[in-house]
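Have your viewer ready and switch to a cartoon view to begin. We will go from strands to a pocket and then to a single loop residue.

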Amino acid sequence: MQEKNQKKNKRKGYLLIFGVLLIFVSIGILVNKYYQRNEIQNIEENNLIEFYEIQEEISTNQEEVVEEKTEEQVKVVEREPYLAVLKIDKIKLERGIYNINSKNNNVNKNIQLLKESDMPDKENGNVIIAGHSGNSYIAYFKNLVKLNNGDEAKIFYNGKTYIYNLTKSYEVEKTGKVALSKNKDKQTLTLITCKTNTNKQIVFVFELKNII
């Protein structure tokens, strides 16, 4: 009887040790993810500051001054500069856009400039950007559904600000391809995201109102 109790107590001890180890491993994973997200956010904030500084230099027709970076600065800014920035004040969205061929131009890392996209300065062109909805930390387009016709979006690109107004939004089935509807005589901005908990996507079409 005593031997059975000893074996039972030993099993309980092993289970307790295993449970404690499992808790520590889980905490370690969560802490690691937290610090990774903070590091990415800090890099993105630095990129935004650097982008707007360059925009100001271009817009005032000054020659671009390239400062020699210290070794410490190089370590902090690990990502390449933004090509442009998308900003929608109503939903507090401000995200940098990477070059179309960049490894960071990926919907699972950031908002994504699609390969079919034009740049804002192309006459009657269409800037096409996709982003995630939902609850994850990369769900940058989750609040697009709060927009109404007439709401404003801006793209900062090559020293100019392109101001667009939302003209329509519509749903399409999620098939891997999206049929886009736009006025061929207008310069447009098209934002695409998934409709949460469905097999559909929502397409938001903005038309260019002004360039400053």
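## A walk through the sheet and a pocket

Select E7 and strand E8 (residues 200-211): they pair in the antiparallel sense over seven bridges. Strands here (E) are DSSP runs of at least two residues, numbered from the N terminus, and two strands pair if DSSP finds at least two bridges between them. This is a predicted model, in which local features need pLDDT of at least 70, side-chain atom pairs count only at pLDDT 80 or more, and totals for chains, interfaces and linings use all residues. Residues are numbered from 1 along each chain as its sequence is written, and side-chain values use heavy atoms, without hydrogens and water.

Now show Ile-192, which stands opposite Val-203 in E8. Zoom out to find eight strands in an open, mixed sheet, ordered E2-E1-E5-E6-E8-E7-E4-E3. At its edges are strand E2 (93-97) and strand E3 (112-113), each with a single partner strand, so one side of each has no neighbour in the sheet.

Next, colour the strands that line the second largest pocket: strand E4 (126-130) and strand E7 (188-194) each supply at least two lining residues. E7 gives the most, with three.

Finally, select Lys-109, in the loop between E2 and E3. Draw a distance to Gly-131: the two C-alpha atoms are separated by 9.4 Å, though 22 residues apart along the chain.

Key
Helices (H or I, at least four residues) and strands (E, at least two) are DSSP runs, numbered from the N terminus.
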